[in-house]
Amino acid sequence: MNDKKLLKPYLLVSSCLLGNNVRYDGKNCKIDYINLLENNFTIIPICPEFDVLGCPRNPIEINDNEVIDQNNNNYTILIKKKIASIINLCKENDIKYALLKEKSPTCGSHFIYDGTFSHKLIKGSGLLVKELKKLHIQIFNEDEVLKLLNI
Ligand code: SF4
């Protein structure tokens, strides 16, 4: 990935936003403007949850810093391991931007579900976002695509 001739900056993107069927229910949340994003960035799709759990899978939420499903299965270690590999990728390639799906326990940047599986949102960040912020990566959600295109 370290092609010196590459002029477009890297952009880490939640794979579900690109139209890939990686959500817990086997669906996606495809956004508009993907062509424009591809014109301006070298896109790196990521989906830690799919990589660890596949799909369809039980929805997961964060409760007391642990990643659990409704049956109280705990995936914290596996998800954190996957996130660590993404963080290494970001460091190795000096990634500065990310476009990530809001409300996800992994990718959410402003809101996540409260961990009780009752559809209640709280202010907070997903586990991946918390780590990306430590690298000072600029994070945008699906409602901020135009803002991202104007940087
Ligand atoms: Fe995967 Fe993130 Fe999309 Fe969830 S929000 S399906 S973890 S890419």
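A pocket, on a 1 Å grid over the protein atoms alone, is an open set of points where a 1.4 Å probe fits, with protein on both sides within 12 Å along at least five of seven lines; its lining residues have an atom within 4 Å of a point. A molecule sits in a pocket if more than half of its atoms lie within 2 Å of the grid points.

Colleagues, the structure under discussion is a predicted model, in which local features need pLDDT of at least 70, side-chain atom pairs count only at pLDDT 80 or more, and totals for chains, interfaces and linings use all residues. Residues are numbered from 1 along each chain as its sequence is written, and side-chain values use heavy atoms, with hydrogens and water left out.

I begin with the ligand. The ligand sits in the largest pocket. Around the ligand are 13 residues, of which Cys 16, Ile 46, Cys 47, Glu 49 and Cys 107 come nearest; a residue counts as near if one of its heavy atoms lies within 4 Å. This shell comprises 5 nonpolar, 4 polar and 4 charged residues. Here Ala, Val, Leu, Ile, Met, Phe, Trp, Tyr, Cys and Pro count as nonpolar, Asp, Glu, Lys and Arg as charged, and the others, Gly among them, as polar.

The volume of the largest pocket is about 600 Å³, taken as the space filled by probe spheres set on the grid points, which are joined across faces, edges and corners. Its lining has 27 residues, and Tyr 24, Lys 103, Ser 104, Pro 105 and Tyr 113 are the closest to the centre. By class, the lining divides into 15 nonpolar, 5 polar and 7 charged residues. The largest share of the lining, 3 residues, comes from β3. Helices (H or I, at least four residues) and strands (E, at least two) are DSSP runs, numbered from the N terminus.

Which rings form the aromatic pair? They are those of Phe 41 and Tyr 97, with centres 6.0 Å apart and planes at 70°, so the pair is edge-to-face. Rings of Phe, Tyr and Trp (its six-membered ring) pair if their centres lie within 6.5 Å; planes under 30 degrees apart count as stacked, over 60 as edge-to-face and the rest as tilted. Phe 41 and Tyr 97 are both buried, that is, under 20% relative accessible area with a 1.4 Å probe and protein chains only.

Finally, the helices. Ile 79 lies in helix α3 (residues 76-93), and its relative accessibility is 1%. Its C-alpha atom is 9.0 Å from that of Leu 128, 49 residues apart along the chain. Leu 128 is buried in helix α4 (residues 127-134), as are Leu 127, Val 129 and Leu 132.

Note on methods
Buried means under 20% relative accessible area, exposed over 50%, partly exposed in between (1.4 Å probe, protein chains only).
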